[in-house]
Amino acid sequence: MNDRRHDSRNQPRNPASRRPFAEDFSDGKLTEVHSQLAREKEEPQEGFATIPVFIVFVFCAFGFWAGVYLTRNSGDFSAATFDLDAVKVVADTGPKAFEPDAAKGEKLFAIQCASCHQATGLGQPGVYPPLAGSEWVAGDEARTIKIILAGMVGEVEVKGVTYNNNMPNVGAGLKDSQVANIATYVRQAWGNTSSPVMDTKVAEVRKSIGARGQYSAKELLSEHPITK
Ligand code: HEC
């Protein structure tokens with residue numbers, strides 16, 4: 001191995017490329033190499049060089065990022081942020097109590113109800129009754145809840161117009177809180193002005209009616225008369 005390397009240095013494969021040692025380091029050659037190196041160097045300058053715009057931009061971007069980071073993670077520079085006891089107090093309060101949320105109700109309505117009753121709450125003439133201004137949505141919240149949980153079938157008069165169709169038990173598969181939010185939304189959207197609905201009320205109604213078929217308008221009216 002060693003021998004071979006030694007050999008190849010002393011006997012180059014191409015004898016023409018071999019030059020006498022003295023010529024490689026002659027004065028002329030040295031000066032030429034030096035002047036080449038000198039040409040590739042930058043000219044010396046007086047004073048300070050200006051900072052490239054790119055670097056200035058990078059610094060500004062970093063400053064901006066740092067500002068955003070501090071705003072988000074400084075915890076208002078409050079010492080209590082790192083007070084473990086304070087954290088414990090928050091954790092001890094348990095899950096937040098339910099509050100009727102019409103905005104959540106609106107999203108659920110779009111998925112569960114709007115295909116028939118429309119996002120406008122106006123329904124479809126002769127097919128789907130309106131919820132906007134409907135006397136069935138106003139007043140006793142138990143009526144609204146029952147319709148959503150169990151559905152409704154047969155003849156029903158809404159705002160002076162008679163419908164005879166079929167609404168499935170859309171709410172049967174939804175959580176109490178979801179039904180409460182939908183009910184709150186339909187009772188307060190499109191100019192409706194009825195009270196919000198709590199999840200506990202939905203649970204209560206769900207338990208009282210059990211698993212059952214759709215309501216008729218007559219049955220609903222006998223349990224929750226419409227007061228005008
Ligand atoms: C598949 C279509 C359909 C869907 C989905 C639907 N409904 Fe209905 N809904 C009807 C029909 C049809 C009636 C009238 C039933 C009848 O003729 O007895 C009705 C009646 C009602 C009524 C009583 C009448 C009135 O206009 O006020 C209310 C309140 C109501 N629906 C609310 C809802 C809510 C809230 C949802 C969503 C959770 C919903 N409906 C989903 C078709 C639907």
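Student: Trp190 first: buried or partly exposed?
Tutor: Trp190 is partly exposed, because its relative accessible area is 26%. Partly exposed covers the range between buried, which is under 20% relative accessible area, and exposed, which is over 50%, using a 1.4 Å probe and protein chains only.

Student: Where does Trp190 sit?
Tutor: In the loop between α9 and α10, the latter being residues 199-209. Helices are DSSP runs of H or I with at least four residues, strands are runs of E with at least two, and both are numbered from the N terminus.

Student: What about the phi of Trp190?
Tutor: Phi of Trp190 is positive, about 50°, although Trp190 is not a glycine.

Student: What sort of model is this, and how are residues numbered?
Tutor: This is a predicted model in which local features need pLDDT of at least 70, side-chain atom pairs count only at pLDDT 80 or more, and totals for chains, interfaces and linings use all residues. Residues are numbered from 1 along each chain as its sequence is written, and side-chain values use heavy atoms, with hydrogens and water left out.

Student: OK, the whole chain. How many helices and strands?
Tutor: The protein chain has 11 helices and 2 strands. Read from the N terminus, the order is α-α-α-α-α-α-α-α-β-β-α-α-α.

Student: How much of the chain is buried?
Tutor: Of its 228 residues, 24% count as buried. The protein chain exposes about 16900 Å², and carbon and sulfur atoms supply 58% of that. Accessible areas come from the Shrake-Rupley method with a 1.4 Å probe, and for residues only the protein chains shown count as cover.

Student: And contacts between residues at least 6 apart in sequence: what share join residues at least 24 apart?
Tutor: 61% of them do. Contact here means heavy atoms within 4.5 Å.

Student: Changing topic. Where does the ligand sit?
Tutor: The ligand sits in the largest pocket. On a 1 Å grid over the protein atoms alone, a pocket is an open set of points with protein on both sides within 12 Å along at least five of seven lines, whereas a cavity is a set where a 1.4 Å probe fits but cannot get out; lining residues have an atom within 4 Å of a point. A molecule sits in one of these if more than half of its atoms lie within 2 Å of its grid points.

Student: Which elements give two or more residues to the shell around the ligand?
Tutor: Those are α7 (114-117), α8 (141-150), β1 (152-158) and β2 (161-167). The largest share, 5 residues, comes from β1.

Student: How many residues surround the ligand, and which are closest?
Tutor: 26 residues surround the ligand, and the closest are Cys113, Cys116, His117, Ser134 and Met167. A residue is near a molecule or strand if one of its heavy atoms lies within 4 Å of it.

Student: Which residues have polar atoms by the ligand's oxygen atoms?
Tutor: Ser134 places a polar side-chain atom 2.5 Å from a ligand oxygen. A backbone N or O atom of Pro130 lies 2.6 Å from a ligand oxygen, and for Asn165 a backbone N or O atom lies 2.8 Å from one. A polar contact is a pair of N or O atoms within 3.5 Å; within protein, one must be able to donate a hydrogen and the other to accept it, and residues adjacent in sequence count only if both atoms are side-chain atoms.

Student: What does the side chain of Asn165 reach?
Tutor: It reaches the backbone oxygen of Val127 at 2.9 Å. Asn165 is in strand β2 and counts as partly exposed, because its relative accessibility is 32%. Leaving aside neighbours within four places in sequence, Asn165 is in contact with Val127, Tyr128, Met152, Val153 and Gly154.

Student: Now Glu135. Why does it count as buried?
Tutor: Because its relative accessibility is 16%. Glu135 is in the loop between α7 and α8.

Student: Which backbone nitrogen lies 3.2 Å from a polar side-chain atom of Glu135?
Tutor: That of Lys159. Lys159 lies in the loop between β1 and β2, and its phi is near 50°, a positive value in a residue other than glycine.

Student: Last one, Thr184. Buried or exposed?
Tutor: Thr184 counts as buried, because its relative accessibility is 2%. It is in helix α9, residues 176-188. Not counting residues up to four places away in sequence, Thr184 touches Pro100, Ala102, Pro196 and Val197.
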